[in-house]
Amino acid sequence: MALACKSLTERCTNNNHKVNVPSLRQMLVNQDYAKLWYGQAVSAIGDTVFGTTLVLWVSQVLARGLPWAPAAVSGILVAAGAAVGPVAGVFVDRWNRKSTMMRTEVIRAAMVAGLTGLSFVPVRDLPIGLWLAAVYLVVFVLNASGQFFNPARFATTGDVVPGEEDRVRAAGLAEATASAAGIIGPPIAAVLLVTVGFQWALAANAASYAVSYLAIRFLRLTSEPQPAAPAEAAETGLRAEFSVGLRLFARNRFLVTLLTVTMICQCGTGAITVLNVFFVTRDLHASSRLFGLAETAMGVGFVIGALAAGRMVRWVGARALTWSGLLATGVLAAGYALQRSFPAGLIMLAIYAMPIAILNTAVAPLLLDAAPREYLGRVMAVFTPVNQLASMLSMVVCGWLTSTVLRSFRASFAGVTLNSVSLIFIVAGGLIFVSGIRAFTALPGPNVP
């Protein structure tokens, strides 16, 4: 994906009027990471196109005009969320990670290809319930496979990218790629759906998994034994191995503190994510049709922040970047809550997204340094679902508060009128700021047990 490379600052040297421009391979850290990145870039765009296509097809074709259309669309999110679980981490630690990634890409390509073939059947020839069941099944399997693929790729990144600075750079490229895919994927999906049809939009995602498979296939990885920790070497079996991973996590002060910090942050960012559409339409006085611009502004901020993280970690280090990014995000979230102009709100939203991307980028090398290689799958199987749960609970609570307890809330502060949404945004900023203080005071060095 060329976007991340085009956004990188060119490092040139002037020697007798000769300019040395770094190659694409140098920009992508090293040759092996470049292969991982190519596969991720294509697959991320394919996933975004696929998700947007399903939402549009279910809402505008399968359930068009029906009262239960919103529930049918929400079923896609439920199917994706139901696939999240911690057990996959045990298998990721057991299995060869390159083979794990390749097999999951084969499974995902086969599932999407199957749905693509089914989609050539006229909609009227099959019951709507059967169509929805097929969609939900495919979404569930894709996300369940991702529970194996994502920690395997994370651990493999640690294998092929040594050193904190290069790991931050790699994490920044991955974050920027995912954000850029979120920006360009939906328009591509809409164009494909209108011009060539639902079937070919699905086929594009199946092809993206094939490209990812080939990129991983040509990775040059040395096979290393994965030794068990001596104290737990006698414990075998799925439950026992997962328990060993939990105990290791609980005993590691760095991991526990990092998890606590990110959970608090997720509670704040989750509130802004779920309520931002109401803030844009009510507080920023913009049409709902302009909400897409707000999402684009955040995406641009994510890309810029992720690409800047590599340079910033050279200045202050990943740990300092974590707590400073949290403090900045908290202040910017509260500042965004006070905006009442749509253009100013867009600018503030983009700036707010930058330290979040920097934070996400800085956390990756910290985890790689703190967790033993043989436990990375289980560590990520705890870290990621717990943060997702914190974010989801925050969304539920904030939606409930806005609809009930704070529904009629109005207050004025320094000439700015606050309602329930802007108040929650300020509280969310405060939570994120508190997580930054917690990180500054309690986050030890990565070698502290």
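Colleague: How many salt bridges does a search of the whole structure find?

Modeller: This is a predicted model, in which local features need pLDDT of at least 70 and side-chain atom pairs count only at pLDDT 80 or more, while totals for chains, interfaces and linings use all residues. Residues are numbered from 1 along each chain as its sequence is written, and side-chain values use heavy atoms, with hydrogens and water left out. With a salt bridge taken as a side-chain nitrogen of Lys or Arg within 4 Å of a carboxyl oxygen of Asp or Glu, the search of the whole structure gives 7.

Colleague: Which residue forms a salt bridge with Arg 167?

Modeller: Arg 167 is buried, at a relative accessible area of 15%, where buried means under 20%, exposed over 50% and partly exposed in between (1.4 Å probe, protein chains only). The closest N and O atoms of the salt bridge are 2.8 Å apart, and the partner of Arg 167 is Asp 369.

Colleague: How many residues apart are the parts that Asp 283 and Arg 340 tie together?

Modeller: Asp 283 and Arg 340 form a salt bridge whose closest N and O atoms are 3.5 Å apart. Because Asp 283 lies in helix α11 (residues 253-283) and Arg 340 in the loop between α13 (318-337) and α14, the pair joins parts whose separation in sequence is 57 residues; helices here are DSSP runs (H or I, at least four residues), numbered from the N terminus.

Technical notes:
Helices (H or I, at least four residues) and strands (E, at least two) are DSSP runs, numbered from the N terminus.
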